[in-house]
Amino acid sequence: MYKDVIKNKKAVYYFSGGAVSRIGDILSGLAFLFLAYRMTDSSIHTTIVAIAETTPYLLFGLFGGALADHINKRNMMVVIDLIRLMILTIIIFLYLQDGLTYPHLLVGSFLLQCCGCFFNPAHRAVLPEIIPEERLSTANSAWDTIQRTASLLGPIIAAWLLARADIIYFFLVDAASYAISAIFLSRLPTMPATDKEGKLSIISLYRSLFDFYKWIRKKPAIVHLFMTTFFVVFFNTWVWQVGILLAFEEITQNGESWFNALQIVFGLGATIISLLIPLLVKRLDMTKYILGCFIWGSGISIIGSAYMLPFFFLGAILIGIGLPLSSLTRVYLIQTHVSKVMLGRAFSSNAVLLYASNTLSLILYASLLPILSIRSLILISGAGILVIVCFYILRILFRNKPGVRP
């Protein structure tokens, strides 16, 4: 099954470029945070750099998808990689000249993520252009596995570089990754614009977004997918990024080490599941998506209910099963239910919803911490996901009830 995808040279170029740049992204993201803390010795200033990495998606994410539908996707991705290479070259030059300051970090991080707003939806929308629909599930699984493997390799390489080299090498590796990515992506076939209605302009981008939202209102399956994703991610974000770390600090003497170990267990489990899904699951549909959410929510619920070290890892394993199942199914449903003319806008809309959900989750849970315990918030999160699953199941049962109109 994977052999058929690997035989596709276009897929190899796509995956190779993506894998290299993904590792580079992780390294430069860590470098920005490390340097921010070294320069300011402030958790607040370091957090602001992290916010600078998410804000662009809320500001420009939708336009990135609209632009991807209007112009040649391959050329767009190559140009963006070269722009990112230029930004990192400037940062490296400033660092070597002892001229790199905290504002430079903010601007550099912000600009790199702005590039990502336009690159990522185009990159996602390219896959259905180079892979037949019957192989999309396998290709998505392969790409998800590559991303998760890169997410494991990135911190390992970072630890090695920190022990043996200067932090500038983080940026050098990322710069090289963009150059390599541009070379691989340039080998893809030319991909003319899928949306050819009218000339490209700000007005045409607004109009294309409006047309997409008019169209999606008539597609309840996609609307339900997007809304379910928003709430599930909302309940997960704080728990996974902050809550579990704080819980380890409460119940162990070395919370950071246990948290890193949990991340590795989760990463290994999620990578294995991503590889197995095309072999074990013949059809990806909304039922599989809801099943993934149920397993995901069960993992968080177990962590909050037991609140003991072994159950943290059991919960992480369940999350490592449910999250990739739901994630891969969501991508496949978007690719197969949305016209290729609108795929860029669909993926950018999905990304904006995810970043909005992440931001809202972090803000709201932070405000609840003085009122509720960490364990209570984790329990609420797991229960919240399970309630969403139950609501969807009841909705399906009610819709199918004799005498009730769908």
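Student: Quick one to start: is threonine 329 buried or exposed?

Tutor: Buried, because its relative accessibility comes out at 0%. Keep in mind that this is a predicted model.

Student: Okay, and which helix is threonine 329 in?

Tutor: Threonine 329 sits in helix H12, which covers residues 309-337.

Student: What does threonine 329 touch, leaving out residues up to four places away in sequence?

Tutor: With those set aside, threonine 329 has contacts to Leu284, Asp285, Lys288 and Tyr289.

Student: Switching topic. Where do I find phenylalanine 259?

Tutor: Look in helix H10, residues 255-280.

Student: How many Å lie between phenylalanine 259 and alanine 150 in space?

Tutor: From C-alpha to C-alpha, they're 19 Å apart, with a sequence separation of 109 residues.

Student: Now charges. Which residues form the positive surface patch?

Tutor: That patch is made up of Lys214, Arg217, Lys218 and Lys219.

Student: Let's take lysine 214, then. Which helix is it found in?

Tutor: Lysine 214 belongs to helix H8, spanning residues 202-216.

Student: Why is lysine 214 called partly exposed?

Tutor: Its relative accessible area is 42%. Partly exposed is what lies between under 20% for buried and over 50% for exposed, so lysine 214 gets that label.

Note on methods. Residues are numbered from 1 along each chain as its sequence is written. This is a predicted model: local features need pLDDT of at least 70, side-chain atom pairs count only at pLDDT 80 or more; totals for chains, interfaces and linings use all residues. Side-chain values use heavy atoms; hydrogens and water are left out. Helices (H or I, at least four residues) and strands (E, at least two) are DSSP runs, numbered from the N terminus. Buried means under 20% relative accessible area, exposed over 50%, partly exposed in between (1.4 Å probe, protein chains only). Contact means heavy atoms within 4.5 Å. Patches are made of residues with over 30% relative accessible area and no salt bridge: like charges are joined within 9 Å, nonpolar side chains (Val, Leu, Ile, Met, Phe, Trp, Tyr) within 5 Å. Accessible areas come from the Shrake-Rupley method with a 1.4 Å probe; for residues, only the protein chains shown count as cover. A salt bridge is a side-chain nitrogen of Lys or Arg within 4 Å of a carboxyl oxygen of Asp or Glu. Lys and Arg count as positive and Asp and Glu as negative; His and the chain ends are not counted. The place of a charge is taken as NZ of Lys, CZ of Arg, CG of Asp or CD of Glu.
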